[in-house]
Amino acid sequence: MYDIVSLISAWAIPVMIVFIPLYAAYRKVPVYESFVDGAKDGFDTAIKIIPHLVGMMVAISVFRASGAMDFVLGWLRPLFEQLGVPTEVLPLAFLRPITGAGSLAFTTDLIEQFGPDSMIGRIASTVQGSTDTTLYVITVYFGAIGIRKAGYALKVGLISDLVGFVASIVICYLVFG
Amino acid sequence: MVNWIWLFFIVVGFIVAAWNGNVEAVTQAAFDGAKSGVTVCFGLISVLVFWLGMMRIAEDAGLLSKLAVLLRPVVRFLFPSVPKNHPALGYIMSNMSANILGLGNAATPMGIKAMQELQKLNADKDTASPAMCTLLALNTSSITLIPTTLIAIRMNFNSVNPAEIVGTTLIATAISTAAAILVDRWYRRSRSPIPPLKG
């Protein structure tokens, strides 16, 4: 299963890069002109995201560097201990939705420290792999089209992150425990 | 809500730094954050330019509408407000497929393009439409078949079975995606005045 899927993943992009223009040429589309025409929008879109992303990154960076993150985590640690879950993975619940690079670094650190085949290593891998960075996704997607009122989207994203975190722990204990 | 989270991060960050006698950290962190925001956007330029060009070819060739037809039942269920043959559906489908295959740098441009198409259907350009919220929910919880980055990291640290987390990740991601769809539905129902699943 893993081999098949990773084979598909490896082939997907090269095949698309060949197949799309080839099929379009067959349908008499001026492929190069079409490409350039569409590609033009890429730059503007990326530039439009800058203010949103800078705003978000500044806030997250200040929150982490000041030690506020550790402070909040210190509060929650006892609760986690009561539940019998390794407290080492707790920071991931907070890092995962707000910073992709930060949570990946943290996961790597846990894997290095406890080993990839430890329960902590497995839980961290599962948590990291099962969701995306909610705050980043919202900022980039809504920033690109100029949406300022995100509605309930953020709540939905954060609730599903929490569900994913709890599910990861439960599943790891069921499968590997 | 974004406003509050943003304010919370900055204010609490400042207070804790001041309490620890480390206010200079705030200055440094603010500018580091700003810099990485710009760096990430610049990294996005090449990916966006390339994929948006590629997707335009696909759109002109009629491939996107084909894709949308193929998976219509799923999309109709998730995005009842989008008209049948609207190009947004094709982009949504390509975004979802790229996510499932773990092609992160292809998924983002397609998702953005889908958002742009949904924005054309949106009456209030400042506020996210329900369809946008659904698309976002699908992306934040993104179903992934193979978490390639993590398998690589586990290999790096000599795991006996680096891919053993594929199964657990798949179940966890399916659960969080299901939760995202359900919560999205719930909010959508409670917000919209009369016809529940519309909009």
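The buried residues of helix 5 of chain A are covered from both chains of this predicted model. What covers them includes helix 4 (90-98) and helix 6 of chain A, together with helix 8 (148-156) of chain B. Helices here are DSSP runs (H or I, at least four residues), strands are runs of E (at least two), and both are numbered from the N terminus. Being a predicted model, it has local features that need pLDDT of at least 70 and side-chain atom pairs that count only at pLDDT 80 or more, while totals for chains, interfaces and linings use all residues. Residues are numbered from 1 along each chain as its sequence is written, and chains are lettered from A and ligands numbered from 1 in the order in which they are written.

The buried residues of helix 5 of chain A are S103(A), F106(A), T107(A), L110(A) and I111(A). A residue is buried if 20 or more other C-beta atoms lie within 10 Å of its own, exposed if 12 or fewer, and partly exposed in between, with C-beta atoms placed from the backbone. Seen down the axis of helix 5 of chain A, its buried residues fall within an arc of 140 degrees, so they line one face of the helix. The arc is that of the directions from the helix axis to the C-beta atoms. An α-helix has 3.6 residues a turn, so residues three or four places apart point the same way. The face turned away from the buried side of helix 5 of chain A carries the exposed residues A101(A) and A105(A). Helix 5 of chain A has 15 residues, which should span 21 Å at 1.5 Å a residue; its end C-alpha atoms are 21 Å apart, which agrees. The expected span is 1.5 Å times one less than the number of residues. After helix 5 of chain A comes G115(A), whose phi is positive, near 90 degrees.

Helix 8 of chain B also has a buried side. Its buried residues are L150(B), I151(B), I153(B) and R154(B). Seen down the axis of helix 8 of chain B, they fall within an arc of 160 degrees, so they line one face. On the other side of this helix, A152(B) and M155(B) are exposed.

Most residues other than glycine have a negative phi. N158(B), which is not a glycine, has a positive phi near 55 degrees. N158(B) follows helix 8 of chain B and is found in the loop between helix 8 and helix 9 (165-191). N158(B) is exposed, with 10 other C-beta atoms within 10 Å. K28(A), not a glycine either, has a positive phi of about 65 degrees. K28(A) lies in the loop between helix 1 and helix 2 of chain A. K28(A) is exposed, with 9 other C-beta atoms within 10 Å.

The contact between the chains takes 86 residues from chain A and 90 residues from chain B. Two residues are in contact if their C-beta atoms, placed from the backbone, lie within 7 Å. Helix 2 of chain A gives the largest share of the side of chain A that touches chain B, 25 residues.

Chain A as a whole has eight helices and zero strands. Buried residues make up 49% of its 177 residues. Along its principal axes, the C-alpha trace of chain A spans about 65 × 40 × 30 Å.
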